[in-house]
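Colleague: Hi! Could you walk me through the side-chain contacts in this one?

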Amino acid sequence: TAAIKAAFKASLAARQRVLTEAPIDSWEHAVREQYCLGVRRQSTYCLRQALLLGNDQELIALAIQGLELILSESPEHVTGDYKNLGIAYHEWKSRSEAETQRLFEVWGEYIRRSDPEDTAFVHTARSLLDAIQKPGKL
């Protein structure tokens with residue numbers, strides 16, 4: 001797990017430089033898309049591993065960092081990115097008030113974009129958001 005964490009941290013740093021330095025209206029768009037695809041895959045992997053390892057907070061932090069990068073820099077947003085980022089923020093133990101607000105934003109966007117076939121998770125997300133809104137749950 002330590003090697004996975006170190007490799008993804010280095011990968012995120014390199015990808016962030018490429019993403020922020022490549023103009024969106026240039027030929028780098030295709031390269032940018034490929035980098036985003038790699039970050040998306042690694043972020044999803046980190047989130048899955050974190051959940052399998054009992055909510056490993058370092059892996060969750062890496063998943064959040066990668067998914068936020070995707071949503072800010074990717075030329076194409078995938079509905080699952082919003083779902084996964086919401087899951088990561090929900091499982092983040094030291095979630096701040098701003099991060100709780102971000103959780104509501106990303107799951108709200110996921111619910112708006114969701115596929116009718118994924119209604120089970122839409123209901124789950126709504127229930128979890130309702131539980132967070134109750135006094136004393138933040």
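This is a predicted model: local features need pLDDT of at least 70, side-chain atom pairs count only at pLDDT 80 or more; totals for chains, interfaces and linings use all residues.

Colleague: How many salt bridges does a search of the whole structure find?

Modeller: The search finds 5. A salt bridge here is a side-chain nitrogen of Lys or Arg within 4 Å of a carboxyl oxygen of Asp or Glu.

Colleague: Which residue does aspartate 81 pair with?

Modeller: Arginine 40, with the closest N and O atoms 2.9 Å apart. Aspartate 81 lies in helix α4 (residues 79-91) and arginine 40 in helix α2 (residues 28-52), so the pair ties together parts 41 residues apart in sequence. Helices are DSSP runs (H or I, at least four residues), numbered from the N terminus.

Colleague: Are aspartate 81 and arginine 40 buried or exposed?

Modeller: Both are buried. Buried means under 20% relative accessible area, exposed over 50%, and partly exposed in between (1.4 Å probe, protein chains only).

Colleague: And what does arginine 102 meet in a salt bridge?

Modeller: Glutamate 105, at 3.3 Å from N to O. Both lie in helix α5 (residues 97-113), 3 residues apart, about one turn of the helix. Arginine 102 is partly exposed at 23%, and glutamate 105 is partly exposed at 38%. Glu68 joins Arg102 and Glu105 in a network of salt bridges.

Colleague: Switching to rings: how many aromatic pairs are there?

Modeller: There are 2. Tryptophan 107 and phenylalanine 121 have ring centres 5.8 Å apart and planes at 70 degrees, so that pair is edge-to-face. Rings of Phe, Tyr and Trp (its six-membered ring) pair if their centres lie within 6.5 Å; planes under 30 degrees apart count as stacked, over 60 as edge-to-face and the rest as tilted.

Colleague: Which residues do the ring pairs link into a cluster?

Modeller: Trp107, Tyr110 and Phe121. Tyrosine 110 is buried, as is phenylalanine 121.

Terms used
Residues are numbered from 1 along each chain as its sequence is written. Side-chain values use heavy atoms; hydrogens and water are left out. Helices (H or I, at least four residues) and strands (E, at least two) are DSSP runs, numbered from the N terminus.
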